[in-house]
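The sequence and structure are shown first.

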Amino acid sequence: MSPGGGFGQQITESCITFVDLNAAISNLELRSPPFKKTASNPSINLGTSSTNDVHELLECPVCMNLMYPPIYQCPNGHTLCSSCKTRVHNCCPTCRQELGNIRCLALEKVVESLELPCRYQIVGCHEIFPYYSMHKHEKNCKHRPFNCPYAGAECSVTGDIPFLVMHLKDDHKVDMHDGCTFNHRYVKSNPQDIENATWMLTVFNCFGRQFCLHFEAFQLGMAPVYMAFLRFMGDEDEAKQFSYSVEVGGNGRKLIWQGIPRSIRDNHRKVRDSQDGLIIQRSLALFFSGSNKEELKLKVAGRIWKEI
Ligand SMILES: [Zn+2]
Ligand SMILES: [Zn+2]
Ligand SMILES: [Zn+2]
Ligand SMILES: [Zn+2]
């Protein structure tokens, strides 16, 4: 299908103004993530009565993560993970005794013999791994929660896709649209201060899935630019089943981009920095806006389709 096709049957047109990102964030009421670390895991391979205790023993009292060898202890036997040990200035965080360099070999041995279920067992992962490879699995487990796509690392909410859709709607007041075509107008009254016009997000529901359209202003090297790109709310292997096109124009000229949506596993800044989207120089954007150089008025249209 041609990327430019189908723009005629536009479905919605909405007028969106830039928001001040900092103000938007400070207004948020953030919920705590639904996937807090599992405090006790019922199926550790170590008999029955002591499983919670064992899990607690393996939890670092400072960072609450599971400890991996080398595991340290103070002269009174309080244990500590190796990364926290470098941060506590040789002082036991539990009893304030001088820490030294005492390893807890018994606990290290226990660790080597353990097999644990993935921490995302409650949301559908049935994998069981030796303690050592668990960490690696959990970092890439496809059941792990997604980060909120709103502001990349700046919003700390995580969860599954239905939860994040609700969160975007309720807490970020994000625009939600049904349909696979879009036709948006971005308006900004003083396009010179590109710093504060950080970004915009619109979510589209189509093919039963959600897509995030980002539109933002930033400094690319010395040049102020605008960028539009699409992210898919799901994993990368599914994102690849879709394509999208986005176009912007005015005064008889037009720029068209065709691409594959990026998974929201790739944070928004990473996608931006890889320039995987439609980039518009500010001078061109103002030219598209018409004669009035004091105001940016960009029409961004596009379409999402499924590759067969
Ligand atoms: Zn720790
Ligand atoms: Zn101690
Ligand atoms: Zn898993
Ligand atoms: Zn958020």
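Against which strands do the buried residues of α9 pack? The buried residues of this helix pack against β13, β14 (242–250), β17 and β18 (296–306).

The model is predicted: local features require pLDDT of at least 70 and side-chain atom pairs count only at pLDDT 80 or more, while totals for chains, interfaces and linings use all residues. Residues are numbered from 1 along each chain as its sequence is written, and chains are lettered from A and ligands numbered from 1 in the order in which they are written.

Helices (H or I, at least four residues) and strands (E, at least two) are DSSP runs, numbered from the N terminus. Helix α9 covers residues 282–289, and Ala285, Leu286, Phe288 and Ser289 are buried in it. Here a residue is buried if 20 or more other C-beta atoms, placed from the backbone, lie within 10 Å of its own, exposed if 12 or fewer, and partly exposed in between. Viewed along the axis of α9, the buried residues fall within an arc of 155°, so they line one face of the helix; the arc is that of the directions from the helix axis to the C-beta atoms. Gly290 follows α9 and has a positive phi, near 110°.

Strand β17 (residues 278–281) has Leu278 and Ile280 on its covered face, and Ile279 and Gln281 on the uncovered one. Strand β13 (residues 223–232) pairs with β17 in the antiparallel sense over 4 bridges, where pairing requires at least two DSSP bridges. Tyr226 stands opposite Ile280.

The largest nonpolar core has 41 residues, and Leu278 is among those with the most contacts inside it. Such a core is a set of buried Ala, Val, Leu, Ile, Met, Phe, Trp, Tyr and Cys residues joined through C-beta atoms within 7 Å. Strand β13 gives the most to this core, with 6 residues. Leaving aside neighbours within four places in sequence, Leu278 is in contact (C-beta atoms, placed from the backbone, within 7 Å) with residues including Ala228, Val248 and Trp257.

Leu298 lies in β18 and counts as buried, with 21 C-beta neighbours inside 10 Å. Beyond four places in sequence, the residues that Leu298 touches include Ala285, Phe288 and Ser289. Lys188, in strand β10 (residues 181–188), is also buried, with 22 other C-beta atoms within 10 Å. Two C-alpha separations are listed below.

| Pair | Sequence separation | C-alpha distance |
|---|---|---|
| Lys188 and Glu294 | 106 residues | 8.9 Å |
| Leu298 and Ala285 | 13 residues | 6.9 Å |

Conventions: Two residues are in contact if their C-beta atoms, placed from the backbone, lie within 7 Å.
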